[in-house]
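This briefing covers a predicted model.

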Amino acid sequence: MSTIHINQIANKITNLFQSHLDLTDINDKDLDKESKIRSRCLAAYAIYLLIDSSDSSTKEAAESVTDDGDDNGIDAIYYYPTNRSMIITQSKWIKNGTSEPDSAAIGKICNGVKALFYMKIDRFNDKVQIKQA
């Protein structure tokens, strides 16, 4: 993917979702701040694309983001009440657009989905735990 395409995607998702995201856990001096924000925007965008946009908004999609420490690889969770289903996403902003998540990241989300399936919610951060209610 070209740098132009990557920048267009980054600008689009940032404009749609950043203002609605919880970014309180990201330090302003964090060297990966931009990538962390874009990863969260990407997770929100995945949710936004998968749900019926007539029933949702960019704000709702952004509120589904759970990315933070102790997220067990799960970056967004959205419960879709219309068809009683749950959407789980994992996202990773890779600024050069040429690599993919490593096997450790894949293993982490697999374990996270298992923990979620078996309702071991205490293994997750507050952003996930609050969704149990």
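A search of the whole structure turns up zero disulfides. A disulfide is a covalent bond between the sulfur atoms of two cysteines.

**Cysteines**
- C41 has a relative accessible area of 0% and is therefore buried, as that value is under 20%.
- C110 has a relative accessible area of 38%, so C110 counts as partly exposed, between the 20% and 50% limits.

**Nonpolar cores**
- The largest nonpolar core holds 20 residues.
- Within this core, the residues that touch the most other members are F17, C41, A44, I47, I51 and Y78.
- Two or more residues of this core come from each of α1 (3–17), α2 (33–50), α3 (58–63) and β1 (76–80).
- The most is given by α2, which supplies five residues.
- Another core, of eight residues, lies apart from the largest one, and its members include I74, I77, I121 and V128.

**Helix α2**
- The 18 residues of α2 should span 26 Å at 1.5 Å a residue, and the end C-alpha atoms of α2 are 26 Å apart, so the two values agree.
- Buried residues in α2 are I37, R38, S39, R40, C41, A43, A44 and I47.
- The cover over the buried residues of α2 includes the helices α1, α3 and α5 (126–129) and the strands β1 and β2 (85–89).

How values were computed. Residues are numbered from 1 along each chain as its sequence is written. This is a predicted model: local features need pLDDT of at least 70, side-chain atom pairs count only at pLDDT 80 or more; totals for chains, interfaces and linings use all residues. Side-chain values use heavy atoms; hydrogens and water are left out. A nonpolar core is a set of buried Ala, Val, Leu, Ile, Met, Phe, Trp, Tyr and Cys residues joined through side-chain atoms within 4.5 Å. Buried means under 20% relative accessible area, exposed over 50%, partly exposed in between (1.4 Å probe, protein chains only). Helices (H or I, at least four residues) and strands (E, at least two) are DSSP runs, numbered from the N terminus. The expected span of a helix is 1.5 Å times one less than its number of residues. Contact means heavy atoms within 4.5 Å. A disulfide is a pair of cysteine sulfur atoms within 2.5 Å.
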